[in-house]
Amino acid sequence: MKRASACAKINLALLVGPRRDDGLHEVVTVLQRIDLADRLELESAHENSVSGFAEDTLVKRALDLVSADTNEHWRAKLEKRIPVSAGLGGGSSHAATALELAGEALTRGRLRDLAGALGADVPFFLASGPQLATGDGRELEPLELPQDFWIVLVLPQGAQKTSTAAIYAAFDDDGDFEARRKELLDTLTGVRRASDLAALPPNDLASSSVAEELRTAGAFRADVSGAGPAVYGLFVRERDARAAADVLAHRGRVWVTAPAWYG
């Protein structure tokens with residue numbers, strides 16, 4: 001049996017630009033893995049199957065892609081902690097973890113190719129540390145960012161979204177993407193301390209009043225992750241993060257967590 005954690009992510013910044021020829025939007029986003037994780041177990045089997053999460057599609061697809069190369073099959077079991085469809089990349093993380101566990105005989109290059117075929121966020125979860133994702137989100141560049149901060153994650157009660165695809169489809173580019181992209185990249189070069197992340201621009205796709213409440217509670221940065229609805233606040237000290245979590249507890253499900261480097 002093989003086991004591994006599948007960590008969530010937050011978008012420390014997300015800029016969205018014009019629609020590309022392939023129908024996807026140009027993006028620039030800062031991806032940070034966090035220490036909130038699901039658990040994936042694999043056992044050798046005669047055919048690929050997934051249990052523990054009825055809504056899974058990506059783990060099964062990942063296993064089928066690996067099986068086409070290796071002729072090996074797996075029975076997968078998922079233990080869920082990451083909220084579903086919340087902008088935290090849980091499904092993409094599952095897929096990347098399944099690729100790594102089942103595809104140990106494959107090269108890293110082949111795994112990256114398979115990850116890219118599964119979704120824009122999946123290749124990130126094969127990488128270590130924070131990454132700058134550009135293009136359609138699959139082009140990655142490692143970032144040297146401080147990791148000494150605490151994260152309060154809030155899933156607002158009753159908050160839902162239609163789908164990530166629908167939110168992107170409704171996005172209206174203001175034509176200023178290149179200037180905002182340059183400003184983001186310039187800001188990243190000046191990040192030395194965790195509190196410098198406060199200068200990053202707000203999420204283009206979604207906003208939430210919970211972010212303002214987190215800032216009022218002491219967060220030096222707060223924003224929606226991805227297409228939402230999860231909201232994060234960043235804190236220098238653990239005690240301040242836990243105090244803010246108590247203040248925000250009435251708003252929905254709340255976690256206190258930290259950055260993670262690997263899955």
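## Exercises on a predicted model

Asparagine 48 sits in the loop that joins β2 (25–45) to β3 (49–51); strands (E, at least two residues) and helices (H or I, at least four) are DSSP runs, numbered from the N terminus. This is a predicted model, where local features need pLDDT of at least 70 and side-chain atom pairs count only at pLDDT 80 or more, while totals for chains, interfaces and linings use all residues. Residues are numbered from 1 along each chain as its sequence is written, and side-chain values use heavy atoms, with hydrogens and water left out.

**Exercise 1.** Decide whether asparagine 48 is buried or exposed, and find its side-chain partners.

*Solution.*
1. Start with the surface: the relative accessible area of asparagine 48 is 9%, so the residue is buried (buried is under 20%, exposed over 50%, partly exposed in between; 1.4 Å probe, protein chains only).
2. Next, look for polar contacts, meaning pairs of N or O atoms within 3.5 Å; within protein, one must be able to donate a hydrogen and the other to accept it, and residues adjacent in sequence count only if both atoms are side-chain atoms. The asparagine 48 side chain has one with the side chain of aspartate 64, at 2.9 Å, and it reaches the backbone oxygen of leucine 63 at 3.4 Å.
3. Finally, list the neighbours in contact (heavy atoms within 4.5 Å). Leaving aside residues up to four places away in sequence, asparagine 48 touches Lys60, Leu63, Asp64, Ser67, Glu72, His73 and Trp74.

**Exercise 2.** Work out how helix α1 (residues 58–70) packs with helix α2 (residues 90–102).

*Solution.*
1. Take the geometry: the angle is about 30° and the axes are 8 Å apart. Axes are lines fitted to C-alpha atoms, for helices over the stretch in contact, and angles run from 0 to 180 degrees between N-to-C directions.
2. Classify: α1 and α2 are therefore roughly parallel (under 35 degrees; over 145 is roughly antiparallel, 65 to 115 roughly perpendicular, the rest oblique).
3. Inspect the contact: α1 contributes Leu58, Val59, Ala62, Leu63 and Val66, and α2 contributes Gly91, Ser92, His94, Ala95, Ala98, Leu99 and Ala102.

**Exercise 3.** Repeat this for α2 and helix α3 (residues 108–118).

*Solution.*
1. The angle is about 150°, with axes 10 Å apart.
2. α2 is therefore roughly antiparallel to α3.
3. Ala95, Leu99 and Glu100 of α2 meet Arg108, Leu111, Leu114, Ala115 and Leu118 of α3.
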